[in-house]
Amino acid sequence: MIDLNGKVALVTGAASANGLGFAAALKMAGQGASLFLTDLDGAAVDARAAELRAQGFSAQAMAQDVTDEAVWTKVIEAVIAAFGKIDILVNNAGIAVLRPMSEMTSADWHKQISVNLDSVYLGTKVAVDQMRAQGHGGSIVNLSSIAGLVGVQGTAAYAASKGGVRLFSKSVALETARDNIRVNTVHPGMIWTDMQQVAIADNKEIFDQIVATIPMGRMGEPADIGSMVAFLASDDARYITGCEFVVDGGMVA
Ligand code: NAD
């Protein structure tokens, strides 16, 4: 079993009860980590932290807009105030602007890049500074997508942001390897969270068409991603950095 006892993890975008951020947080808490959750939706992320505490886990929460550089500094300060250090950062917050390029506005483009890619740069930078100052390494797990590996029609801005997360992470991993700060990406396929439910709405025909493209014959569950994040966060992954981990039921095999 993965052991995260004594580790402190910060997870962004963790407000949704069936989202990937909360699934990762739940898995890491179950393995012994203390959790600091953030999200744009402060009330909802407070509720998620309360759920973890009700299960006997150690958890705090704070509202955060991941695109705001000044707020990132405050979040790291709050994590240190709560738990004394940070060992793990999961850059999970994200949005999906799914629109053909010809219908996309510049505002759509900049919003997508800002929330999905600028945020990963901002968070990784402050976390690496703090981890270097602490001097005992760390693990950063950045949520990309299969859309960060292969082209998907109608997702140009989303794919650009997620492809950027992938190569940003590989490059930073090379810069931080000697500090034992590992940086990896997770590439989910189709996981049944609010993000997919909003995109597909209640359209059973589209749902069935998507499932038909998944070799394992089902959408992924948030816990499928949570397990991968927890593994990469742990010392069991101590010799893994600059790598990408596809969790997609075989979609891009
Ligand atoms: P979700 O929409 O359920 O959760 C995303 C969370 O991010 C929300 O709680 C939202 O409030 C938060 N958020 C949005 N903008 C923010 C901001 N500016 N600051 C702080 N928080 C903000 O999505 P999810 O499906 O759980 O996805 C989580 C991550 O996984 C995203 O990066 C997404 O792109 C990626 N991903 C998801 C899937 C999937 O099938 N669900 C597939 C590939 C990649």
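Helices and strands are taken here as DSSP runs, numbered from the N terminus. The model is predicted. In UniProt, an unreviewed entry annotates residues 7-195 as a domain, "Ketoreductase".

Two packed helices are described by the angle between their axes and the distance between the axes.

The pair H4 and H5 is described here to begin with. Helix H5 spans residues 156-176 and packs on H4 at an angle of about 15 degrees. The axes of H4 and H5 are 9 Å apart. Angles under 35 degrees count as roughly parallel, and H4 and H5 are therefore roughly parallel to each other. H4 passes H5 in a right-handed crossing. On the H4 side, the contact is made by Asp 108, Trp 109, Gln 112, Ile 113, Asn 116, Leu 117, Val 120, Tyr 121, Thr 124 and Val 128. H5 contributes Ala 157, Tyr 158, Ala 160, Ser 161, Lys 162, Gly 164, Val 165, Phe 168, Val 172 and Thr 176. By class, the residues of this contact divide into 12 nonpolar, 6 polar and 2 charged.

H4 (residues 106-134) also packs with helix H3 (residues 69-83). The angle between H3 and H4 is about 35 degrees, and their axes are 10 Å apart. The crossing of H3 and H4 is right-handed. From H3, the contact draws on Glu 69, Trp 72, Thr 73 and Ile 76. These meet Leu 122, Gly 123, Val 126, Ala 127 and Gln 130 in H4. The contact of H3 with H4 holds 5 nonpolar, 3 polar and 1 charged residues.

Helix H1 (residues 20-30) packs against helix H8 (residues 222-233). Their axes are 8 Å apart and meet at an angle of about 55 degrees. H1 and H8 are therefore oblique to each other. H1 passes H8 in a right-handed crossing. H1 supplies Leu 20, Ala 23, Ala 24, Leu 26, Lys 27 and Met 28 to the contact. From H8 come Pro 222, Ala 223, Ile 225, Gly 226, Ser 227, Val 229, Ala 230 and Ala 233. The contact of H1 with H8 has 11 nonpolar, 2 polar and 1 charged residues.

The ligand was considered next. There are 29 residues around the ligand. Of these, Gly 13, Gly 19, Gly 94, Thr 193 and Met 195 come nearest. By class, the shell has 13 nonpolar, 12 polar and 4 charged residues. H1 and helix H6 (194-200) each supply at least two residues of this shell. H6 gives the most, with 3 residues.

Note on methods: Residues numbered from 1 in each chain as written. Predicted model: local features only at pLDDT ≥ 70, side-chain atom pairs only at ≥ 80, totals over all residues. UniProt positions renumbered as here; feature names shortened; annotations may be inferred. Axes fitted to C-alpha atoms, helices over the stretch in contact; angles between N-to-C directions. Helix = DSSP H or I, 4+ residues; strand = E, 2+ residues; numbered from the N terminus. Parallel < 35°, antiparallel > 145°, perpendicular 65-115°, else oblique. Left-handed = near helix turned anticlockwise from the far one by under 90°. Contact = placed C-beta atoms within 7 Å. Nonpolar A, V, L, I, M, F, W, Y, C, P; charged D, E, K, R; others polar. Near = placed C-beta within 6 Å.
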